[in-house]
Amino acid sequence: MQFAVNTPNFGSLGDPRVLVELARRAEDAGWDGFFVWDHLLVDPTWTLEIADPWIALAAMAQATSRIRLGPMVAALPRRRPTKLARETASLDRLSGGRLVLGVGLGWPSEAEFGWFGDEVDLRRRAAMLDESLAILTGLWRGEPFSFSGEHYRVGEATFLPRPLQEPRIPVWVAALRGTPDAPGPDAPLRRAARWDGFAPANEDGYLALETFARDVVRVRELRAEAGSAPDAPYEMVASGATPAADRAAALETVAAFAAAGATWWQEIVSDWLGGLDAIRARIEAGPPRA
């Protein structure tokens with residue numbers, strides 16, 4: 001299992017310079033990844049500072065050399081896929097091939113989309129997400145590519161340079177589980193099964209072990225139905241919070257998710273810990289690795 005820090009880049013983490021500092025600390029402490037959220041506001045009543053994930057990730061890429069980096073997750077339906085193709089290829093090259101692209105529909109619908117005049121219908125956003133992924137992977141190949149869909153059109157174009165990673169930048173698909181603001185139970189799982197990883201969560205980032213285990217089984221079934229080899233590389237991404245002060249309890253939690261199929265553990269680190277000093281301390285304590 002690999003271990004990442006996952007930070008909602010709000011509040012005391014709303015300064016890109018702070019995220020750069022924390023990414024350095026995470027790399028030094030033995031974490032394998034550092035992922036940030038992708039939100040505009042979350043709640044229209046908020047007055048919290050929020051850092052742009054892409055600016056922060058570019059700076060973090062320059063300040064680190066080993067850990068995986070990326071948005072967890074990028075709300076593709078509010079981004080132009082052609083622009084994102086340029087950004088992700090550049091970020092992958094800047095980081096030396098360390099980008100992971102987490103993708104999803106975006107949440108919450110009204111505050112993050114409707115409030116700014118963007119699409120709120122989940123089915124339409126799902127179609128936009130699928131078209132965006134087709135465009136991204138097509139342009140990443142660095143060969144002549146065109147696309148015509150319901151939501152996007154790309155005239156024949158060749159985007160260079162290509163990302164460094166082969167065969168392409170890994171794509172982990174999010175699934176919002178156990179909330180009214182989520183499509184049918186199988187829809188996000190079917191999408192995840194087509195890509196490189198599955199990153200389920202609920203509204204606060206956590207997910208019950210039983211729900212995670214059930215979804216892992218279903219994603220594996222869907223991948224088998226699609227003809228994927230059982231030993232083909234694929235990431236099952238669990239998220240939660242473990243107490244640095246109680247290592248035995250932390251190891252027990254992570255071991256249970258590993259037994260359910262998790263290949264990555266994301267430690268959610270935010271202001272709920274009690275401020276920036278506490279966040280630094282949790283990161284420096286290192287991952288709950290056996």
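## Close-up views: pockets, a nonpolar patch and salt bridges

View 1. The model is predicted: local features need pLDDT of at least 70, side-chain atom pairs count only at pLDDT 80 or more, and totals for chains, interfaces and linings use all residues. Residues are numbered from 1 along each chain as its sequence is written, and side-chain values use heavy atoms, with hydrogens and water left out. A pocket is an open set of points on a 1 Å grid over the protein atoms alone, where a 1.4 Å probe fits, with protein on both sides within 12 Å along at least five of seven lines; lining residues have an atom within 4 Å of a point. Grid points are joined across faces, edges and corners, and the volume is the space filled by probe spheres set on them. The lining consists of Arg220, Arg223, Ala224, Ser228, Ala229, Pro230, Ala232, Tyr234, Met236, Gly261 and Thr263. Helix H7 (residues 209-225) supplies the largest share of this lining, three residues. Helices (H or I, at least four residues) and strands (E, at least two) are DSSP runs numbered from the N terminus. Six of the lining residues are nonpolar, three polar and two charged. Here Ala, Val, Leu, Ile, Met, Phe, Trp, Tyr, Cys and Pro count as nonpolar, Asp, Glu, Lys and Arg as charged, and the others, Gly among them, as polar.

**View 2. The largest pocket.** The volume of the largest pocket is about 320 Å³. Its lining has 16 residues, and Arg68, Gln165, Pro170, Trp172 and Glu235 lie nearest the centre. By class, seven lining residues are nonpolar, two polar and seven charged.

View 3. Leu40, Trp115 and Phe116 make a nonpolar surface patch of about 330 Å². Such a patch joins nonpolar side chains (Val, Leu, Ile, Met, Phe, Trp, Tyr) within 5 Å, from residues with over 30% relative accessible area and no salt bridge. Areas come from the Shrake-Rupley method with a 1.4 Å probe. Leu40 belongs to the loop between strand S2 (33-36) and helix H2 (53-63) and is partly exposed, at 42% relative accessible area. Buried means under 20%, exposed over 50%, partly exposed in between. Val42, found in the loop between S2 and H2, counts as buried at 15% relative accessibility. Its C-alpha atom is separated by 9.6 Å from that of Phe113, 71 residues apart along the chain.

View 4. Arg79 and Asp38 form one, with closest N and O atoms 2.7 Å apart. Arg177 and Asp215 meet in another salt bridge, at 2.8 Å from N to O. This pair links the loop between strand S8 (171-176) and helix H6 (187-193), which holds Arg177, to helix H7, which holds Asp215. Arg177 and Asp215 are also buried.

**View 5. Strand S11 and helix H9.** Glu267 and Arg282 form a salt bridge at 3.5 Å, N to O. Glu267 sits in strand S11 (residues 264-268) and Arg282 in helix H9 (residues 276-284), 15 residues apart. Glu267 is buried at 1% relative accessible area, and Arg282 at 6%.

Notes
Patches are made of residues with over 30% relative accessible area and no salt bridge: like charges are joined within 9 Å, nonpolar side chains (Val, Leu, Ile, Met, Phe, Trp, Tyr) within 5 Å. A salt bridge is a side-chain nitrogen of Lys or Arg within 4 Å of a carboxyl oxygen of Asp or Glu. Buried means under 20% relative accessible area, exposed over 50%, partly exposed in between (1.4 Å probe, protein chains only).
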